[in-house]
Amino acid sequence: GATADIAGALNTLPGTQKVGESGRLFVRGGAGYETKTFIDGMAVLNAYSPAAPSTPSRGRFSPFMFKGTSFSTGGYSAEYGEALSSALILDTKDVELTDRGDIAIMSVGGSYTHNKSWDRSSLSAKVEYIDIAPYIGLVPQEIEWQQAPRTISANYAYRLKTSETGILKIYGNLDRSSFQMKRPTIDDESIKQSIDLENGYQYINGNYKEILNDSWLVRGGMSFTRQQEDVLLDDVHVDQVDKGLHAKVVLEHGLSDQVSVNFGTEVLTNQFTEAVLEQQLSLANFSYDQVLSASFIESEQYWSNNLATKIGMRSTYSKLTGEWDFDPRVSLAYKTGEYSQMSMAYGQFHQDAPSVRLKVNQEIKPEKADHYILNYQLVKNKRTFRIEGY
């Protein structure tokens, strides 16, 4: 029912709201951009493909490239920032053990996936082409398409076991999408506006993890995102370029069987430019260059078999505002019975304003949210009951 879309599947979970004309993850009423996606701990900019107005978009990433998903609807770890409502954390697969090729043929396109394995490494790649013109030709549309949405994409993943306990992963995604349509203007439905959109997207992620000894683990990586979108609205041409870089290093230390601590530092950059032209004449230019520097520390304590707590703090410095933000985060879980538990969470969260606002005023301070969550969960006889207040 999720049509192989990660957001489509997660939209069925408690705490999310399904917004049909968006297709994105909306958590507890927050906007779609307030849910941030991380791949192997590294941030992703523009995780959704472009869509026509009032039509749903899809996630850019194939679910078959991942081995696990962690989705928090609030009160999540101090390691993750710039996400006001929730964090979607995706872990890519480890080294593939077999050689394999898969061909998929659909009514609206097709794809080919190939895995190649060696003794300590593997390479996976996928190419896909989607054109929904056949579907539009069969099903009556209320949207006047001049060119049906089409996408050509490729993704790849290289994994290398550097030692018995170490692994290096490199993951990338490239795609290009386009469509043309006409829609009524807001002021007069009899007047139609032409929209012609082309979107190019590149994402690359590299990360490394190694167990140093019985009590220390190090992990870190870097990701880079670039999106260029050209939109032609009748005679007005809008050209946007959005680039982001994320670098992070984390150390995890087990102080004892009951107490562990992890801490790290990271840098996130975002460069945005937009040029608006009409018949080659410049109407407006917008841009901003943001650099966020952050550090975090978090400790987990297991007081007994029934009680665990997590306490953390995150600090962030913004180049644009010249200010620091400090976000405390606390959570507690208590096992009330063999099949049930109660948990509580509190946290402060900050996120930069979206580019549509930040591009015209770089002095806007970050958005802020305070999370207070209390829930009870019972899992028994293959059934789950959960009630939550927030």
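Arg120 has a relative accessibility of 37% and therefore counts as partly exposed, a class that lies between buried (under 20% relative accessible area) and exposed (over 50%), computed with a 1.4 Å probe and protein chains only. Its partner in a salt bridge is Glu164, with the closest N and O atoms 4.0 Å apart; a salt bridge here is a side-chain nitrogen of Lys or Arg within 4 Å of a carboxyl oxygen of Asp or Glu. Because Arg120 lies in the loop between β8 (109-117) and β9 (121-131) and Glu164 in the loop between β10 (144-161) and β11 (167-184), the pair ties together parts that are 44 residues apart in sequence. Glu164, at 66% relative accessibility, counts as exposed.

This is a predicted model, in which local features need pLDDT of at least 70 and side-chain atom pairs count only at pLDDT 80 or more, while totals for chains, interfaces and linings use all residues. Residues are numbered from 1 along each chain as its sequence is written, and side-chain values use heavy atoms, with hydrogens and water left out.

The structure holds 22 salt bridges, and three of them are set out here.

| Salt bridge | Closest N to O distance |
|---|---|
| Arg120 and Glu164 | 4.0 Å |
| Glu323 and Lys365 | 3.6 Å |

Glu323 lies in the loop between β17 and β18 and Lys365 in the loop between α3 (355-358) and β20 (367-380), so this pair ties together parts that are 42 residues apart in sequence. Glu323 is partly exposed, with a relative accessible area of 32%, whereas Lys365 is exposed at 52%. Elsewhere, Glu79, Arg219, Lys248 and Glu252 are linked in a network of salt bridges.

Which residues make up the nonpolar surface patch? Phe263, Ile297, Met313, Tyr317, Trp324 and Phe326 form this patch of about 580 Å², where a patch of this kind joins, within 5 Å, nonpolar side chains (Val, Leu, Ile, Met, Phe, Trp, Tyr) of residues that have over 30% relative accessible area and no salt bridge. Strands β17 (307-318) and β18 (324-335) each supply at least two of the patch residues; strands are DSSP runs of E with at least two residues, and helices are runs of H or I with at least four, numbered from the N terminus. Met313 lies in strand β17 and, at 35% relative accessibility, counts as partly exposed.

Leaving aside neighbours within four places in sequence, Phe61 is in contact (heavy atoms within 4.5 Å) with residues including Ile6, Ile39, Val44 and Tyr203.

The C-alpha trace spans about 70 × 50 × 40 Å along its principal axes.

How values were computed. Patches are made of residues with over 30% relative accessible area and no salt bridge: like charges are joined within 9 Å, nonpolar side chains (Val, Leu, Ile, Met, Phe, Trp, Tyr) within 5 Å. Accessible areas come from the Shrake-Rupley method with a 1.4 Å probe; for residues, only the protein chains shown count as cover.
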